[in-house]
Amino acid sequence: MNKQLLHRFGGFALLFLILSSVMLVMQPAIAQAASWPAYSRGSNGENVRSLQYMLRQHGYNIAADGDFGPNTESAVRSFQSSHGLGVDGVVGSQTWPRLIVNTQQGSKGNAVFALQRQLNAHGFSLSIDGDFGSHTGAAVRQYQSSHGLTVDGVAGPNTWLSLLGGGSNGGGGGGGSYNVSHSPTISAGFINQVLAYYGSPAQGTGQALYNYGVSYNIDPVYALAFFRIESSFGKTGVARVTKSLGNIRCASGYTCYQGFRKYSSWEAGYADYYSLIRNYYINRRGLTTVDQIVPVYAPASENNVSNYIHEVKKAVDTWRAGRIQV
């Protein structure tokens, strides 16, 4: 190799090393610079519960109830002050990366409680025990793999960014499962906020929608998503008359209107919807996920099935992240 060629090769090698070094320096900052969801006083939902668990992990004695009230705001401001952050009481892009506590197999405590609840909200079925064991580790790895993250079994900032719905890969659910048979991931108060925001005639019935979900072990976030698609929360179509959450076809023993079951109240419609999903779709047919249920519930002969599924998941991800507008 002559000196001129060696000189050129050396120059390229030097450039490559410089660029590689720059990329390595930039990599840890990805989670810091990404679009973390922001929460402040008045927010609620599973992501708020997560930040409360993280605050508890840092020593703050607050309830992890999913409601961002004055005690949570006070703890956030104290945390921001003690970590040299801007004190605004908002958990957003500056606070989340400092608040997140990395966990891995063998970890225990409030940060693991937060992680296990988030993973279950994305379709897994973990015991919420605060103990990062083999099952939690397997779930973390599966989640990371299905969301294009580094598969290392460590729940760090990039994994949390995705779980919270703030990253580009943040909306998929545990392996894309979206299992409807799950404890609530949104509160009755949040349901009421959604219904009020969209001007639903069913405003104020959030507690009933929540309670029936608990009774039938179906996450009410899915019922709310179906309600949105079927009738814009009761504002369009026959639902304005039938008070039906899901536009369920008429059957023997029901009062009906234009081929659909009609109810005396929105609450009665909620109860029948949950009963149908639990007893027919889950118990009888073994269909438990959005991808399994929708093609039967809203068949291709009448609906755009793929779009229906997409809209359900989009609403679920939005509301679980504590945002009202889909």
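# Briefing: a helical protein with two nonpolar cores

In this predicted model, helix α11 is largely enclosed by the rest of the structure, because 10 of its 12 residues are buried. The protein as a whole contains 15 helices and 2 strands, and buried residues account for 48% of its 326 residues. Its accessible surface amounts to about 14,900 Å², with 51% of that area belonging to carbon and sulfur atoms. Where contacts link residues at least 6 apart in sequence, 56% of them join residues at least 24 apart.

**The nonpolar cores**

- The largest nonpolar core has 44 residues, and those with the most contacts inside it are L224, F226, Y270, Y273, I277, Y297 and W319.
- At least two residues of this core come from each of α9 (188-197), α10, α11 (220-231), α13 (266-284), α14 (290-297) and α15 (305-320), and α13 gives the most, with 8 residues.
- Y273, one of the residues with the most contacts inside this core, is in contact with Y222, A223, F226, L245, G246, I248 and Y297 once its neighbours within four places in sequence are left aside.
- A second, separate core of 36 residues includes L55, Y60, F79 and L126.

**Y216, at the end of helix α10**

- Y216 belongs to helix α10, which covers residues 206-216, and Y216 counts as partly exposed because its relative accessible area is 25%, a value that falls between the 20% and 50% limits used for that class.
- Leaving aside neighbours within four places in sequence, Y216 is in contact with A271, Y274, S275, R278 and N279.
- Although Y216 and I277 are 61 residues apart along the chain, their C-alpha atoms are separated by 8.9 Å.

**Helix α6 and its surroundings**

- Helix α6 is mostly covered, with 10 of its 12 residues buried, namely N110, A111, V112, A114, L115, Q116, Q118, L119, N120 and A121.
- These buried residues of α6 pack against α3 (46-57), α7 (134-146), α8 (157-163) and α15.
- From its first C-alpha to its last, α6 reaches 17 Å, close to the 16 Å expected for its 12 residues at 1.5 Å a residue.
- Just after α6, G123 takes a positive phi of about 105 degrees.

- T95 lies in the loop between α4 (70-82) and α5 (96-99), and T95 counts as buried because its relative accessibility is 1%, where buried means under 20%.
- The side chain of T95 makes a polar contact with the side chain of Q80 at 3.0 Å, and T95 touches F79, Q80, L85 and V90 when residues up to four places away in sequence are not counted.
- I100 is found in the loop between α5 and α6 (110-121), and I100 is also buried, with a relative accessible area of 8%.
- Not counting residues up to four places away in sequence, I100 touches W36, M54, G156, P157 and W160.
- The C-alpha atoms of I100 and M54 are separated by 6.4 Å, while the two residues are 46 residues apart along the chain.

**The disulfide**

- The count of disulfides comes to 1, and this disulfide joins C250 to C256 with an S to S distance of 1.9 Å.
- The link of C250 and C256 is right-handed, with 85 degrees about the S-S bond.
- Both cysteines are partly exposed, C250 with a relative accessible area of 37% and C256 at 28% relative accessibility.

Key: Residues numbered from 1 in each chain as written. Predicted model: local features only at pLDDT ≥ 70, side-chain atom pairs only at ≥ 80, totals over all residues. Heavy atoms only, no water. Helix = DSSP H or I, 4+ residues; strand = E, 2+ residues; numbered from the N terminus. Buried < 20%, exposed > 50% of the residue type's maximum accessible area, 1.4 Å probe, protein only. Contact = heavy atoms within 4.5 Å. Areas by Shrake-Rupley, 256 points an atom, 1.4 Å probe, with all protein chains shown as cover. Disulfide = S-S within 2.5 Å. Core = buried A, V, L, I, M, F, W, Y, C linked by side-chain atoms within 4.5 Å. Polar contact = N/O pair within 3.5 Å; in protein donor to acceptor, adjacent residues only side chain to side chain. Expected span 1.5 Å × (residues − 1).
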